[in-house]
Amino acid sequence: MTDSIASTPLTSWHRAAGATMSPFAGFDMPIHYGSIVTEHNACRNAATLFDVSHMGRIRFDGDRSAELLDRLLTRRVSDLAPGGIRYSLMCNEEGGILDDVLVYHIEKPSGGRFHMLVVNASNRQKIIEWLTPRMAEYPDVICTDRTELTSMIALQGPLAMATVEGLFKHPADKLGYYHSYVTEQFNKPVIVSRTGYTGEDGLELITRADEAARIWENLMLAGRKHGIQAAGLGCRDTLRLEAGMPLYGHELSESIDPISAGLGFACNFKDRTFIGSEALAKIKAAPQQSIRVGIRVEGVRPAREGCQILDANEQNIGAITSGTVSPTLQYPIAMGYVAAEHSEIGSPLTIDIRGKRAAATVVPLPFYKRNR
């Protein structure tokens, strides 16, 4: 990627709708269309539409693509059935997190199959450069960056499924969580998946770039009676924080391992090796030093990223990685890393917020769970 700011296939729509735009991971992205809190609440109570076309989409074709990804990812891929999706991590040799990803096994209507990684926008170029030399052992696997050729739209909220009723050739409401399929929207192909990054139910739609605006408009029209709103990255961040979901560059980085991040479930060690597995096995076997926790902060001031976490003796025991005032819960919440001995639920903490002390408590993650 160059230093110039890229547009998504929906940038013109965002600008026409009056969105506040800002550069993010090399793309001109909508932050909000008027109010982050309004958009946040619409997602919790109705339905919201997000442009997530900036996320990287990397396709792998070839009989050994699963074997390659099995070597690269912390989660087993070789047994991922067609239509399945798994959350996984890509680590360096030391066990540091290069990125957290979704791996898809997609089956086309023709019967052909391929794998796809959805990677964080800020890590896309890094991951492609990291992949290149490691594919030398798999010359029969073809890797293509499909990000700029496609668009990705996320529909989230309790009324998301009602919004898409009748829109696709094959209904989406029967689609299982963390599954995908290829269908049509007005005779045009679309990959539909059911994952989410907000704590709510919903779908992701991957389309050809030149079909994105039409599908976006169809969704907005279909969702009008359900109170649908376009939403920007601002509320996407507050939603994922309430849902206790880590964000790369905040809770995750190359200096943080999956075990400390509370993502050990996404590391399959039995009967396999992957890049970083030896280091991670040692980390898993050793006493934990630092652990990601949920934190409720007393008062009204949010604890932002970088605020120091102190113990009763005013000793530094960690730092905040993300924090906000929860629009749903109406009090400050945060995530951060603390020394293991202070990570138990109910442990008292003190947060240094710009030189002033705020009492806080370790609480369970997630902060918010939807009614199922």
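Biologist: In this predicted model, are K282 and E278 buried or exposed?

Modeller: K282 is exposed, and E278 is exposed as well.

Biologist: Which element holds K282 and E278, and how many residues apart do they lie?

Modeller: Helix α8 holds both K282 and E278; the two are four residues apart, about one turn of the helix. Their side chains form a salt bridge, in which the closest N and O atoms are 4.0 Å apart. Salt bridges can also share partners: R44, E200 and E242 are joined into one network in this way.

Biologist: How many salt bridges does the count come to?

Modeller: The count comes to 20 salt bridges. Another of them is formed by the side chains of E67 and R64, with an N to O distance of 3.5 Å.

Biologist: Are R272 and D70 buried or exposed?

Modeller: Both R272 and D70 are buried. They form a salt bridge as well, and the closest N and O atoms are 3.4 Å apart. D70 belongs to helix α3 (residues 65-72), whereas R272 lies in the loop between α7 (233-242) and α8 (277-285), so this pair ties together parts that are 202 residues apart in sequence.

Biologist: Which side chains does a polar contact of 2.5 Å join?

Modeller: That polar contact joins the side chains of E200 and Y368. The side chain of E200 makes another polar contact, at 3.0 Å, with the side chain of R44. When neighbours within four places in sequence are left aside, the residues in contact with E200 include C43, Q156, G157, P158 and R370.

Biologist: How is the place of a residue in a strand to be read; where is M90, for example?

Modeller: One looks for the strand that contains the residue number, and M90 has its place in strand β5 (residues 85-91). M90 counts as buried because its relative accessibility is 0%. Apart from residues up to four places away in sequence, M90 touches several others, among them L72, L73, L117, I127 and W130. Sequence separation and distance in space are read as two separate values: M90 and R292 are 202 residues apart in sequence, and their C-alpha atoms are 19 Å apart.

Biologist: In which sense do β18 and strand β19 pair, and over how many bridges?

Modeller: β18 and strand β19 (residues 356-363) pair in the antiparallel sense over six bridges. T350 stands opposite A359 in β19. The hairpin of β18 and β19 has two residues between the strands, and R354 takes a positive phi near 50° there.

Biologist: What is the bridge partner of I309 in β18?

Modeller: The bridge partner of I309 is I351. Strand β15 (residues 308-310) pairs with strand β18 (residues 348-353) over three bridges, in the antiparallel sense.

Conventions. Residues are numbered from 1 along each chain as its sequence is written. This is a predicted model: local features need pLDDT of at least 70, side-chain atom pairs count only at pLDDT 80 or more; totals for chains, interfaces and linings use all residues. Side-chain values use heavy atoms; hydrogens and water are left out. Buried means under 20% relative accessible area, exposed over 50%, partly exposed in between (1.4 Å probe, protein chains only). A polar contact is a pair of N or O atoms within 3.5 Å; within protein, one must be able to donate a hydrogen and the other to accept it, and residues adjacent in sequence count only if both atoms are side-chain atoms. Contact means heavy atoms within 4.5 Å. Two strands pair if DSSP finds at least two bridges between them.
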